Amino acid sequence: MRLKLLYFAWVRERIGRGEEDVDPPSTVASVADLVDWLATTRGAGHAAAFVDRDRLRAAVDQRFVPLTASIIGAREVALFPPVTGG
Amino acid sequence: MIRIIVDPAPIDVGAEMLMAEGGGSGAVATFTGLVRRDDGVSTLELEHYPGATEAALHDVARGAVDRWQLSAATIVHRVGIMHPGERIVFVAAAAPHRAAALEACAYLIDRLKTDAPFWKRETRGDRPAWVEPRVTDDVAAARWDDGAG
């Protein structure tokens with residue numbers, strides 16, 4: 001399953017890049033699964049970015065979702081901190 | 001009419017006001033957010049999620065138009081690097097009467113703070129720091145959820 005990942009704000013800074021393409025195994029079915037997989041397979045930056053799940057938010061194909069949401073069939077997943085606009 | 005702008009260029013409030021007033025409504029309420037001068041911030045940087053930001057702002061504006069029967073809803077949000085005193089955000093709501101315009105204006109700014117993917121980073125001296133979300137923003141946005149607005 002080919003996925004485009006986007007990172008913003010301090011998630012982007014800790015990982016060291018704003019986007020990447022990944023191909024997770026089929027057992028990775030939710031955003032939370034994806035975060036676990038990234039944190040354990042992609043190195044220290046990803047692990048540091050995802051250490052505090054309470055401060056992590058997500059969008060699947062540009063729709064804001066809880067971390068429990070499915071990523072089956074998704075093309076783009078974004079991971080970022082709580083928003084602070086306005 | 002819904003007008004959504006996300007851009008690094010300075011916000012031209014006069015031009016936006018004229019457009020909001022152009023729909024023939026009896027009332028236009030606006031809010032302007034500025035970079036604060038008083039707490040030692042030298043620069044403020046706004047990061048966003050291109051595409052998703054505009055879609056989220058459009059949803060916020062659509063919610064206000066439907067709820068208050070607005071003739072116009074405008075959200076202009078600056079991104080990139082800003083300095084104290086500069087405008088970060090401008091919203092406008094045009095309605096037949098003032099109560100609807102004022103309420104819709106508050107709704108637009110309350111909801112955009114929690115519903116749109118922007119991230120602020122402040123620099124004090126030479127130290128940049130990401131701004132933490134405020135519980136009061138969540139409370140302000142949630143007051144519109146129960147239909148009591």
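Of the 36 residues in the largest nonpolar core, the ones touching the most other members are Val31(A), Leu34(A), Leu38(A), Phe50(A), Ile71(A), Leu79(A) and Tyr49(B). Keep in mind that this is a predicted model. Chains A and B bury about 1,800 Å² between them, and four salt bridges are counted between the two chains. Here is a walk through the cores, the interface, the charged pairs and the rings.

**Nonpolar cores**

**A closer look at Leu57(B)**

- Leu57(B) sits in helix α2 of chain B.
- Leu57(B) counts as buried because its relative accessibility is 0%, where the cut-off for buried is under 20%.
- Leu57(B) and Ile4(B) are 53 residues apart in sequence, yet their C-alpha atoms are 6.8 Å apart in space.
- Setting aside neighbours within four places in sequence, Leu57(B) is in contact with Ile4(B), Val6(B), Ile75(B), Leu112(B), Ala116(B) and Phe118(B).

**Where the chains meet**

- Chain A brings 21 residues to the contact and chain B brings 25 residues.
- Of the area buried between the two chains, 55% is on carbon and sulfur atoms.
- Val83(A), Thr84(A) and Gly86(A) supply 35% of the area that chain A buries against chain B, more than any other three residues.
- Between chain A and chain B, 14 residue pairs are in polar contact, with both residues at pLDDT 80 or more.
- On the side of chain A that touches chain B, the elements giving two or more residues are β1, α1, β4 and β5 of chain A.
- With four residues, α1(A) gives the most to that side.

**Salt bridges**

- Over all chains, the whole structure holds 17 salt bridges.
- Within chain A, the side chains of Lys4(A) and Glu19(A) meet in a salt bridge at 3.8 Å, N to O. This pair links distant parts of the chain, with Lys4(A) in strand β1 and Glu19(A) in strand β2 (residues 19–22), 15 residues apart.
- Lys4(A) is partly exposed, with a relative accessible area of 30%, and Glu19(A) is partly exposed at 46% relative accessibility.
- A salt bridge also joins the side chains of Glu47(B) and Arg12(A), at 2.6 Å, N to O. This pair crosses between chains, from strand β3 (residues 43–48) of chain B to helix α1 of chain A.
- Glu47(B) is buried, with a relative accessible area of 14%, whereas Arg12(A) counts as partly exposed at 23%.
- Arg121(B) and Glu13(A) form a salt bridge at 2.2 Å, N to O. Arg121(B) lies in strand β7 (residues 118–124) of chain B and Glu13(A) in helix α1 of chain A, so this pair joins two chains.
- Arg121(B) is buried, with a relative accessible area of 14%, while Glu13(A) is partly exposed, with 37%.
- Glu13(A), Glu45(B) and Arg121(B) are linked in a network of salt bridges.

**Aromatic rings**

- The count over all chains comes to nine aromatic pairs.
- Phe64(A) and Phe80(A) pair edge-to-face, 5.9 Å centre to centre and with 75° between the planes. Phe64(A) is in strand β4 (residues 63–65) and Phe80(A) in strand β5 (residues 76–80) of chain A, 16 residues apart.
- Phe64(A) counts as partly exposed at 37% relative accessibility, whereas Phe80(A) counts as buried at 1%.
- Trp68(B) and Trp144(B) also form an edge-to-face pair, 5.5 Å centre to centre with 85° between the planes. Trp68(B) lies in helix α2 (residues 52–68) of chain B and Trp144(B) in the segment after α4 (135–142), 76 residues apart.
- Trp68(B) counts as buried at 9% relative accessibility, and Trp144(B) is buried with a relative accessible area of 5%.
- Ring pairs link Phe8(A), Phe64(A), Phe80(A), Tyr49(B) and Trp119(B) into a cluster.

Terms used
Residues are numbered from 1 along each chain as its sequence is written. Chains are lettered from A and ligands numbered from 1 in the order in which they are written. This is a predicted model: local features need pLDDT of at least 70, side-chain atom pairs count only at pLDDT 80 or more; totals for chains, interfaces and linings use all residues. Side-chain values use heavy atoms; hydrogens and water are left out. Rings of Phe, Tyr and Trp (its six-membered ring) pair if their centres lie within 6.5 Å; planes under 30 degrees apart count as stacked, over 60 as edge-to-face and the rest as tilted. Buried means under 20% relative accessible area, exposed over 50%, partly exposed in between (1.4 Å probe, protein chains only). A nonpolar core is a set of buried Ala, Val, Leu, Ile, Met, Phe, Trp, Tyr and Cys residues joined through side-chain atoms within 4.5 Å. Contact means heavy atoms within 4.5 Å. Buried area is the accessible area (1.4 Å probe) that two parts lose on being put together, summed over both. A polar contact is a pair of N or O atoms within 3.5 Å; within protein, one must be able to donate a hydrogen and the other to accept it, and residues adjacent in sequence count only if both atoms are side-chain atoms.
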